[in-house]
Amino acid sequence: MADVVVAGAGMAGLVAAARVRELGAEPVVFEKGDRPGGSMVLSSGVVWRYREWERFRAECPGGDETLQRLVWERLDDDLAWLESLGAPVVRRETGNPLTTGLRFDPKGLADTLAHRADDVRLREPLVELPETPGILATGGFQGSPGLVRSYITPEASNLVLRANPWSAGDGLRLALGRGAERSAGMDEFYGRNLAAAPRISAGGFVPLAQVYARHARVENLLGESYEAGTWSEIDVVQWTARQPKARARYVVPDEALNEQVGDRTVADAIEAARDAGASVQTREGTTRVEVVAGITTTLGGIRVDERARAAEELYAAGADVGGISTGGWSSALAAALVLGKLAAESALEDAVS
Ligand SMILES: Cc1cc2nc3c(=O)[nH]c(=O)nc-3n(C[C@H](O)[C@H](O)[C@H](O)COP(=O)(O)OP(=O)(O)OC[C@H]3O[C@@H](n4cnc5c(N)ncnc54)[C@H](O)[C@@H]3O)c2cc1C
């Protein structure tokens with residue numbers, strides 16, 4: 001009999017289970033998919049926080065300040081803990097002057113955590129709550145077109161799911177059934193505008209991202225324009241998701257083609273779009289690229305307190321927890337790490353009391 005039941009073998013669930021086992025108790029992890037790692041193994045693996053607390057508050061003004069504090073204050077120690085378990089670090093900086101953190105090899109991170117968690121049961125979704133303390137870490141609701149339509153956009157069926165296919169709101173449903181509450185920002189999500197290629201598979205989630213709206217004129221298919229307002233361009237993808245067919249066009253002037261975006265230029269990103277078969281037209285000193293909104297992680301979800309508690313003997317972590325990034329974007333992997341570890345410690349207090 002398990003001391004703690006964990007739903008989801010992604011970032012938050014594996015962290016929680018690894019921590020439960022480290023503290024000498026028995027976790028069991030139920031996983032809906034056919035592999036461990038959730039969206040974490042598809043990710044770029046950058047686990048980060050804003051360097052300055054005030055900047056975090058300013059970037060995510062609608063987020064729960066208590067949860068933000070937890071993530072911001074604990075992240076550096078929790079990153080050291082993760083590294084001490086053997087998780088492979090590939091870079092010691094994020095490449096963004098606003099933020100600090102570590103970049104992990106995502107596959108190595110998943111393997112390390114799954115090994116530590118040990119009892120991971122694949123293709124076994126958690127469908128009802130256990131009698132022992134439970135931790136919900138099912139990764140949000142972006143995989144449910146019905147929930148995305150009711151909370152986020154009527155264009156739900158036109159979005160590209162830029163995430164694992166299994167995170168469909170199971171944690172939210174189970175928590176609400178136990179009396180938990182919804183967080184702020186149920187209509188917000190993190191994602192990327194992707195080159196509107198005929199087929200987009202998981203291998204294209206990073207290379208097909210078009211993150212240069214600040215260097216372009218952004219317009220929907222009706223020609224109505226939008227001005228990018230955030231460094232992460234999260235506002236642009238959320239806007240695109242609500243436009244006809246969840247699509248937009250970036251009109252890029254020639255002089256912007258050499259601008260650097262992350263580790264490549266605007267021209268490189270456009271080349272990847274062209275190679276994948278997206279509509280890319282060059283005329284009169286501009287290049288027009290058609291993009292489609294890709295949804296990665298819902299940012300609204302279960303409301304938890306400073307112990308990661310959602311309801312009686314029920315905890316949540318990762319993208320199942322909402323209300324941390326509200327109004328902007330902060331690292332989902334960081335929140336999953338800090339709250340996953342905390343949820344494990346809180347659930348164990350219940351298990352022994
Ligand atoms: C291409 C890409 C790049 C990204 N880059 C970054 C980045 O650099 N930095 C960053 O911070 N974030 C990044 N992210 C986002 C990040 O990967 C996710 O937000 C993060 O993995 C969320 O962690 P989680 O544990 O909540 O969910 P996941 O890691 O997705 O795990 C959830 C797990 O729950 C399982 N599950 C669902 N329902 C059930 C059920 N009923 N019972 C049991 N199991 C269930 C799922 O199958 C899945 O394995 C990226 C994501 C993608 C796709």
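A polar contact is a pair of N or O atoms within 3.5 Å; within protein, one atom must be able to donate a hydrogen and the other to accept it, and residues adjacent in sequence count only if both atoms are side-chain atoms. The model is predicted: local features need pLDDT of at least 70 and side-chain atom pairs count only at pLDDT 80 or more, whereas totals for chains, interfaces and linings use all residues. Residues are numbered from 1 along each chain as its sequence is written, and side-chain values use heavy atoms, with hydrogens and water left out.

View 1. An N or O atom in the side chain of Asn164 is 3.0 Å from an oxygen atom of the ligand. Backbone N or O atoms also take part: that of Leu126 lies 2.8 Å from a ligand nitrogen atom, and that of Leu333 lies 2.9 Å from a ligand oxygen atom. Of the 1,000 Å² of accessible area that the ligand has on its own, the protein covers 98% (Shrake-Rupley method, 1.4 Å probe).

**View 2. The shell around the ligand.** Around the ligand are 36 residues, of which Glu31, Val46, Asp170, Ala319 and Ser331 come nearest (a residue is near if one of its heavy atoms lies within 4 Å). At least two shell residues come from each of α1 (11-22), β16 and α9 (332-352); helices (H or I, at least four residues) and strands (E, at least two) are DSSP runs, numbered from the N terminus.

**View 3. The buried face of helix α8.** In α8 (residues 266-275), Val266, Ala269, Ile270, Ala272 and Ala273 are buried (under 20% relative accessible area; exposed is over 50%, partly exposed in between; 1.4 Å probe, protein chains only). These residues line one face of the helix, because they fall within an arc of 155 degrees seen down the axis of α8 (directions from the helix axis to the C-beta atoms). Their cover includes β9 (189-195), β12 (247-253) and β16 (286-298).

View 4. Pro198, in the loop between β9 and β10 (217-219), is exposed, with a relative accessible area of 61%. Leaving aside neighbours within four places in sequence, Pro198 is in contact with Ala276, Gly277 and Ala278 (heavy atoms within 4.5 Å).

**View 5. Thr132 in its loop.** Thr132 lies between β6 (120-121) and β7 (134-136) and is buried, with a relative accessible area of 14%. Not counting residues up to four places away in sequence, Thr132 touches Met1, Ala2, Asp3, Val5 and Glu313.
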